[in-house]
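Please read this briefing alongside the sequence and the 3D structure.

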Amino acid sequence: MTEVARFTHGSRIPGWDDAADLEKAPAGVPDPAITEVPAELREAIEAAMALYPDRRSAAIPALHAAQEHHGWCSPEAIEQVAAVMRVTPGELTAVATFYDMFETVPVGAHAVYVCTNISCSLHGADDLYEAMLAAAGDDAGFNVRSFECLGACDIAPMASVDGVYLGPLELADAERIVADVRAGRPPVPEKELVRRACADPGVTTASGPDAEA
Amino acid sequence: MDKLLFRDIDEPGLNTLEIYERRGGYQALRDALKRRPDEVLDQLLASRLRGRGGAGFEMGKKASFLPKGTMDKYLVCNADESEPGTFKDRELMQKNPHQLIEGMIIAAYAAEVNRSFIYIRGEYAEQADILDAAIVEAERAGYLGDRILGSELTLSLVLHRGAGAYICGEETGLLDSLEGKRGNPRLKPPFPANQGLYQGPTLINNVETLSTVPAIVRMGGDAYAAIGVENSSGTKLVSISGHVRRPGNYEVVLGTSSRELIYDLAGGPPEDRGIKLWFPGGSSSPVLTADDLDLSYDFDTLAKAGSMLGSGAIIVVDDATPVVDVALKLAKFYRHESCGKCTPCREGTNWTVRMLERIDAGEATPMDLDIMASVQDQIIGHCLCVLGDAMAMPISSMVAKFRPEFEAHIEAARERHGLSAAILSAAVPQPALAR
Amino acid sequence: MPRPQPTPVTLTIDGREVRATEGAMLVDGAKQGDIEIPYFCYEPKLGPPVGACRMCLVEIEGIPKLQTACSTPVKDGMVVHTQTARVKAAQESVVEFLLINHPLDCPVCDKGGECPLQDISYGWGGGTSRFIEPKRHFEKPLALSPLIAIDRERCILCYRCVRFSQDVAEDHQLVLHERGYHTYVGTFDGHPYVAPFSGNIIELCPVGALTSRPYRFRARPWDIEGAGSVCTLCPAQCNVTLTVRDDRVLRVLTRDHDGNPGVDDGWLCDKGRFAYQSFHVEERIVEPLVREGDALRAVSWERALDAAAAIARHAGRAGALVGGQATNEEAFLLQRLFREGLDSGDIDSRAGGGVPLELERALAAPALQASVPDLEFAHSVLLVDCDPVDDAPILDLRIRKGVRRHAVALSVASARPTALDASAHHALRHAPGAGEAFLAALDAALGGPGDARARADAAGLDAEAVASLAASLRDGGEDVVIAYGERLGAGPRGPHALRALLNVAHRLGLDTGRAGAGLLAVPAGANGRGVREAGASPTAGPGLVEPAARGRDAAAIARAVEDGEITALWLLRADPLRSHPDQARWRAALARAGLVITHESVMTEAVREHATVVFPAEAYAEKAGTVTHPDGRLQRLRPAIGHAGDVRPEWQVIAEVARRAGLDLGVSTPAEATAQFVAAVPFFAGLTLEDIGGRGVRWNEREAATAVPAGAAAPFELDDPPVAAGANGSLRLGTFRSIWASPEVEISPALKFLARGPSAELAPADARRLGLADGETVEVGSNGTRVRASVALRASVPVGSVFLETGLAEGSATALEGEDDGAALVEIRPAS
Ligand SMILES: Cc1cc2nc3c(=O)[nH]c(=O)nc-3n(C[C@H](O)[C@H](O)[C@H](O)COP(=O)(O)O)c2cc1C
Ligand code: SF4
Ligand code: FES
């Protein structure tokens, strides 16, 4: 069989070559009688289900909660969500594998999404991504991924580190980000997006477009 | 010009209820609640506000399509903002969340809806936290919940975080995702206004569209319609990025010249560089060139020029950047984001990437450019939603406008890799299926 | 609920005027005008169209973009083009796209020759591909389950299989993984797709991506013939097409793809789909056997028939049990032999006791009969003491369809949690055996006399829940269908339960003959209804006439053998050790009887240990005759293959034994047998095999149906139902027969894995109290009898009950069921 390169963009589980394990029982809705769910995860999922007219709407929030709890959407995590939501783990697998932010293989705890889409790549994002990979090296605590447009082309090239948008970044920032994260400090705080003023010169408030400089 | 959306945008603490109210926030809602819902709807209709999410459909009209009656109806704010180059909703939500909430409450009142959702892309965690806090404030202050401000209006608002999928910006993909499924677009008809979320009538609008609503109520629909040019009323946030010196969001009156946006506001490309091409409305819009810089930035003009205003995101590419690189980035993005439901998009995006990779590597002939152009034609108009078209139209426009550069690129790459013409002839398509 | 009425519209397709039914999608409308529009993903059986494959694009005048014909309803005056250059280009594009990654390995593909992708590529494709990059290659084929192989290279992502899992079977096991061009069909974490209806995805797949593992490489389309028949492995009696090669059945498909809307709606369960293997296995008995000393020996037909004819010497002392796989004709002929030749009315087809004739008639009243499609269109459906997925699987799908597509309000009242609970508005859990008390409570809640609260208490139910159910049935619309299991009428209190049922039906106005509403009895045996109407009943002769003398029911037959009053037993496709309560008594009875004649296809305990004469039973694929569906539809079995080994038609065997025993039944062909049977039943008057035809005919819809003798009239005065025994430290025993508990499953190589050992379903609280863990082996026992089972914890099992399976070769819960109550108290403890 020829190896065909795949899953190059983002982390996606390969599954094409996998047969079913005929020793396993079919995966219906997990019986609550034999599925243990950590109390705080159960509460989070039940709270999410209560927000919607149809409990199934809570699939994504519930998977976010499970991923937070387990570090990734492991089969165990998915079974727990399924037991609380009274759906099959299959339905949740279909959801979890569809969305980029759900990890279906174990990953490092610190998510670094480097945007490599057009606007960022016009500003060297591909090199930044390489630099981030190199800076994180084989530190299992990091999960460095190249991501599609993160909606922050005004600070290109940029990255989202544990949910915090940072930019414009230079290659040298890669090492600093890794060091800061390791030390438990906010990484390159002066480059946080939320601190930036609006670019529009016409906005009339005290802080103007040049305030950042 | 006075800013409408960006009014007080950098005021410290504008994201809090206290400052927002001090700056006149929620007054439009109070005014609206003094009128009947249909009167408010009339104001929206009069404003001729066109949707800011991409398709540019008039918001008031869409709201008027919702059936009357007491069934469960929904308002959904599309805050998925994933179109490459677009980042305007982010700034609005982060700095002025209450303006959006106020707009949603007014829109819900006009459309007689009592359940609403904001679907925000999962990556916008900071903005989501800010919105969550603002929703709590609004609930506490009685702007959300039962009998808002003593009126007949009851409205709940739930913030729903996505998890990373561009297709969830497409309105029906968004609805499926909000129902807890894979974000696959649905067949239309039925349209969401008739059968949307949980099969109930649903109004879906973009963050910017809904954030404009308070201003319309404040100034009156007619006054709003007077801003801008024909068929493009009002002001628009334009996200400008790429090769410009001052990337960012700018609020401009529709009909401003594109040159003014790119050069005067965003500072134009770096010194010594010219503009090779620009996307006027996000990565899904067919590209324009330096020749098109004097086009008026409005819906109709850009459409007439063969492109579109889309989400209002200008991406500038300078003349030092190979067009093949841009095309390949773009195609890979759409391949990654295709939901996989319909054939032409799923297969066509992948095929296009594979061809572009060969073109980039010099393992192609000019005939491949013809095949690539024809594959784009096979996608356009044949898909379930317009994501396929969103790749095919810009790729088509690039091949059409920069064909010599593509050919030269192949040639140069081939020489670089020392490929002989003989190897290439092996790449000439062979009939695969005999009849 | 009103059903859609077809209104015709006229439209123009390719310049031709086409008349189609309003609301039909263009692809179907075009078919009515003999115009074919190609498609892959469209499959109305799966629900609304999804528009995924884009193969069906057509041009509609007035609409600028091409439209999907699968999702565009026809309209009067519409002008459609399917042959223009634009449409052709679109069709060629889609074929080219689909073949990009398709391996085109048709010569080694099972689907080759009957493959829509192949046909459409030839018919509408461009003939060439410009895709020169390497195709994707993956490991193939892979097991998706023990029954199904998946070839992901061939998959064209048409969504059919996953839609089946989600929207038809609603098992939600088979899903799409990933996104975009990475998308693939799979299950959670490599679990196999094992579910009662999984095999349907093989038929749905328009390419060779999903293939039957038992059928793989067995034949090509030009080697095979299709033969229509009716599956008699359960009361659902689905219409099938048997794939036959060299006189062997190699595959079972739903009849002509769309099945029979009156019966199966185009689906099959996996038992029906794969148990054909049992026709051709070595375990099958294919020659007559006679006991010599301790051993059974193969003998000539002459000897076997003579040995059986010895039953003449037991005249007046012979009893018969008729099982569900017997045809109407066989049951009819056997009861003639017994009643006319052996002077015995001791013939029964129910395991749980006879039903008084007046009740039998009342329940069979044509006005009261609901049909299978009624389950889909009723306002409300109430299930009483049955779980369709086990008792008549295909009805489970029909009910789900009604709930999903037509907003049928479903309610369930049963002892054991059912597969449909999650779809039900009301899921009431009464104590095992308390179906009567539930119905009596419901009767009172619907305005009948009596204390609803006390009766609900007796059933172990909350009176408010019963009242709420009553209100929803009464006020939710007049079309109410009540489907009930044979279990309801079992035991000495059975007639009381049936009277309560008739009362409920009366209060809801179901006995007024309104179409779309009524009762649907789900018998335990496949042809339970048919054999009873043919006279295999102690209380009724053919056509529910008063028999010359009332006979003994099954339990009384067993006692009579013990007492020496009956000395010969004829078991026509019946196995009392598996399916009748009080196994111990039956074991003793079989041992005691001097002559035991059986018709069996496998070596069961009853055969091996007790039979004196064994006639090899026919497989349904070999049979000619008729059966009657639970909703009254007479259906015809046609032989698809010749008889295996020395097997002879059972009607002929009965007639031959009768002749040798001195009674000439006067039948020499299957058609004569049918004619004689029909003539004997007044309410079948005038019916012919032609009337039955390929789709069957519901006798209760024919004019002659008025000939059903009137039965007892509701409302009845009801006794106070007995109070369900307090569990009080021990547990109430509830039983059920799983879809997989059948000899055919046990001997079909492909299905064997589904015949699991016995399990004891237990509530977590009881398990905790008793210190038992999930999976632990326990002994469940009462009065000294014990059955071994492994504990299965279920949150949905009510505290105080334990559920065990019947119908198993070993460990069948019939061992624990007393003769006179289905709800024994049992003790449970870890196995020593
Ligand atoms: C592939 C695709 C992605 C889209 N993404 C977005 C988006 O991120 N945000 C958005 O507001 N609209 C997006 N749209 C447009 C929506 O479908 C819809 O037209 C819009 O939300 C309607 O709101 P509006 O009328 O206020 O613009 C997208 C459309 C497509 C086809
Ligand atoms: S496996 Fe078959 S039925 Fe399922 S999506 Fe693929 S082609 Fe369709
Ligand atoms: S059949 Fe119409 S899109 Fe597939």
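Three salt bridges are counted between chain B and chain A, a salt bridge being a side-chain nitrogen of Lys or Arg within 4 Å of a carboxyl oxygen of Asp or Glu. This is a predicted model, in which local features need pLDDT of at least 70 and side-chain atom pairs count only at pLDDT 80 or more, while totals for chains, interfaces and linings use all residues. Residues are numbered from 1 along each chain as its sequence is written, chains are lettered from A and ligands numbered from 1 in the order in which they are written, and side-chain values use heavy atoms, with hydrogens and water left out.

**Chain B and chain A**

- K3(B) pairs with D200(A) in a salt bridge, with 2.9 Å between the closest N and O atoms.
- Helix α13 (residues 323–337) of chain B provides the largest share of the side of chain B that touches chain A, namely seven residues. Helices here are DSSP runs (H or I, at least four residues), as strands are (E, at least two), numbered from the N terminus.
- That side of chain B consists of 27 nonpolar, 20 polar and 20 charged residues. Ala, Val, Leu, Ile, Met, Phe, Trp, Tyr, Cys and Pro count as nonpolar, Asp, Glu, Lys and Arg as charged, and the others, Gly among them, as polar.
- Chain B gives 67 residues to the contact and chain A gives 51, where contact means heavy atoms within 4.5 Å.
- About 4,600 Å² is buried between chain B and chain A, and carbon and sulfur atoms give 58% of it. Buried area is the accessible area (1.4 Å probe) that two parts lose on being put together, summed over both.

**Chain A and chain C**

- In this pair, 38 residues of chain A are in contact with 34 residues of chain C.
- The area buried between chain A and chain C is about 3,300 Å², with 61% from carbon and sulfur atoms.
- K24(A) and D189(C) meet in a salt bridge at 3.4 Å, N to O.
- With five residues, α4(A) gives the most to the side of chain A that touches chain C.

**Helix α4 of chain A**

- Eight of the eight residues of α4 (residues 89–96) are buried, that is, under 20% relative accessible area (1.4 Å probe, protein chains only).
- These buried residues pack against α2 (59–70) and α3 (75–85) of chain A, and against β8 (175–177) of chain C.

Note on methods. Buried means under 20% relative accessible area, exposed over 50%, partly exposed in between (1.4 Å probe, protein chains only).
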